[in-house]
Amino acid sequence: MDSFIVISLVKAAIVFAALLTTLAYLQWVERKVLAHIQVRPGPYRVGPHGLLQPVADVIKLLTKEDLVPPYVNKPLYLLAPFLAMTMALLSICVIPFGPVVTVGGVRTAMQLTDLNIGVLFVLAVSSMGVYGVAFAGWASNNKYALLGGLRSSAQMISYELPLSLAIASPLLVSNTLSLSELVGKQAGGIWNWNVFHGPFPQVIAFVIFLIAAFAETNRVPFDLPEAENELVAGFHVEYSSMKFASFFMSEYANMITVSSMATLLFLGGWVAPWPAEYGSRFAPAVIFGAAGMVALYHGIHFARRRDKFSLPVVAAVFFVIAAVFLLPMTQEWLLPLFWFAAKTGGILFLFMWVRGTLPRFRYDQLMGFTWKWLFPAAMLNLLVTGFLVAWWS
Amino acid sequence: MDVILFLIFAVVAVVCAINVVVQTHPISSAVSLVGVMGSLAVLYLLLGAEFIAAAQVIVYAGAIMVLFVFVIMLLNAGAEAKEGRSLMVRFLGIPALVMLLGLLAYFVQRLFPRGDMVHFGGFTGGSPRDIGMALFTTYLLPFEATSILILIAIVGAIVLARKEMD
């Protein structure tokens, strides 16, 4: 019993630290990706390639003056960022990053807790996240904030329906609500993933889930709650310092949550795209090794003087990572983590790509789209899946 | 541990429920109601009904109360003024409350004999499969009747809203 508590505490500390670091650096990655889409270098001043920019941002946000306007509804104004943050970080505790593994003689699941209703838990927590935005908009006592909060709650209620229906159909195929069991049933290769597998491949559900996820996280092209050309900044216009930062972080935490949910529900979670006997064990090492070779090549045929020293160092780092992936003792827990991070990262990249590409919807288009197209499509998909699953078994 | 959690969340639920009535501002009442729903979900969880707990949070706290808050925000309802209490409320209010609580306690005692106490985590029919089976076999008729009732209410709301618009 005691060891259970100790292991859980250690796991919680690791997951929390990793999540917060990812949150900070996700923002750096997003700025870089957007910058390269728009053909500019992005953050470049603080550290090499702006790598220390997140640290600078955190220090800036922590030391800024924390202003509470005199005309706000104080209890709700203070509750809102706390609520948004808590609900955004809470769902990570049921997300499985890998199977049950043995690390240093301790056998444990790569997951904080395996609820048998894990999917519903994530849904419940994310549906509570609306309050943070709605209260922030209302308590600020500001017309732009109120409009942003109203838009956001209307949008989140509307898109939660297709989202839940899109989640329901892969659950029908897999016949479980536990996230780790869900992944276990998709093991064996890319043809067993819920997107391609089953009596009815869930491609439509996957697309609907992604679209609804964009709306749920208030991202472009559905970022009307914070449409800056109409609403200044939307629901968080009256917030400063750490309170503003917590809204910002909760948005990114929500993005990570929906991306990992998409990975778990449709893309097979931590399992490799093809079975281990065909060499999927060596894929990460090959990828990192190839990246190292490219860096080494450009270090030898350098374009700028400093590349002669910096790129070989980068190459050495990549080679070390590749070597770590080849060690038998780390492979057991590192490989699932790699595939999980690769799939989730791919979806996160899609989020940024879309942000750099698509314009914003108009408000009536946003509502018409979900009620007239997305919801019926999700319903139809669920019906067809249900009939086929019942007919198959 | 179970008893401590039960006491904490039972107290939170009751305090929030009283707060719903006491608060003058509709938003504060709505927040308290969310608190009631949340602590009820924890109580279901303590009994071992995970699915019902999750459904409670998703449906009541996450969807219905969000709509409540949304409408309150949309109408921009202000704080209500506390009106002076009438003579009857002043003299009969507390005795009537005590009598109601006493009656409730009496009936609960009578209906549930001491033999079968509630056990924490003792409820086994709470898995999604069990609830689905119960809903679509034993309770199919009430279930469908309820959904038709809700549909009628929705149609009625739309009819009323259209009449206002014309």
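Analyst: In chain B, 62% of the contacts with a separation of 6 or more involve residues 24 or more positions apart; two residues are in contact if their C-beta atoms, placed from the backbone, lie within 7 Å. The model is predicted, so local features need pLDDT of at least 70 and side-chain atom pairs count only at pLDDT 80 or more, whereas totals for chains, interfaces and linings use all residues. Residues are numbered from 1 along each chain as its sequence is written, and chains are lettered from A and ligands numbered from 1 in the order in which they are written.

Chain B has six helices and zero strands, where helices (H or I, at least four residues) and strands (E, at least two) are DSSP runs numbered from the N terminus. Its radius of gyration is 20 Å, well over the 15 Å that the globule rule gives for 166 residues, so chain B is more spread out than a compact globule. That radius is taken over C-alpha atoms, and the rule is 2.2 Å times the number of residues to the power 0.38. Along the principal axes, the C-alpha atoms of chain B fill a box of roughly 55 × 45 × 30 Å. Of its 166 residues, 18% are buried, that is, 20 or more other C-beta atoms lie within 10 Å of their own, with C-beta atoms placed from the backbone.

Within chain B, helix α2 (residues 26-47) and helix α3 (residues 50-75) pack at an angle of about 175°, their axes 8 Å apart. Axes are lines fitted to C-alpha atoms, for helices over the stretch in contact, and angles run from 0 to 180 degrees between N-to-C directions. α2(B) and α3(B) are therefore roughly antiparallel, a term for angles over 145 degrees. The residues of α2(B) that meet α3(B) include B:L33, B:M37 and B:Y44, and those on the α3(B) side include B:Y60, B:F68 and B:I72. By class, this contact has 19 nonpolar, two polar and one charged residues. Ala, Val, Leu, Ile, Met, Phe, Trp, Tyr, Cys and Pro count as nonpolar, Asp, Glu, Lys and Arg as charged, and the others, Gly among them, as polar.

Towards its partner, 16 residues of chain B are in contact with 19 residues of chain A. On the chain A side, α4 (118-128), α5 (130-139) and α6 (143-174) each give two or more residues. That side has 15 nonpolar, four polar and no charged residues.

Definitions and conventions: Parallel < 35°, antiparallel > 145°, perpendicular 65-115°, else oblique. Buried ≥ 20, exposed ≤ 12 C-beta atoms within 10 Å, placed from the backbone.
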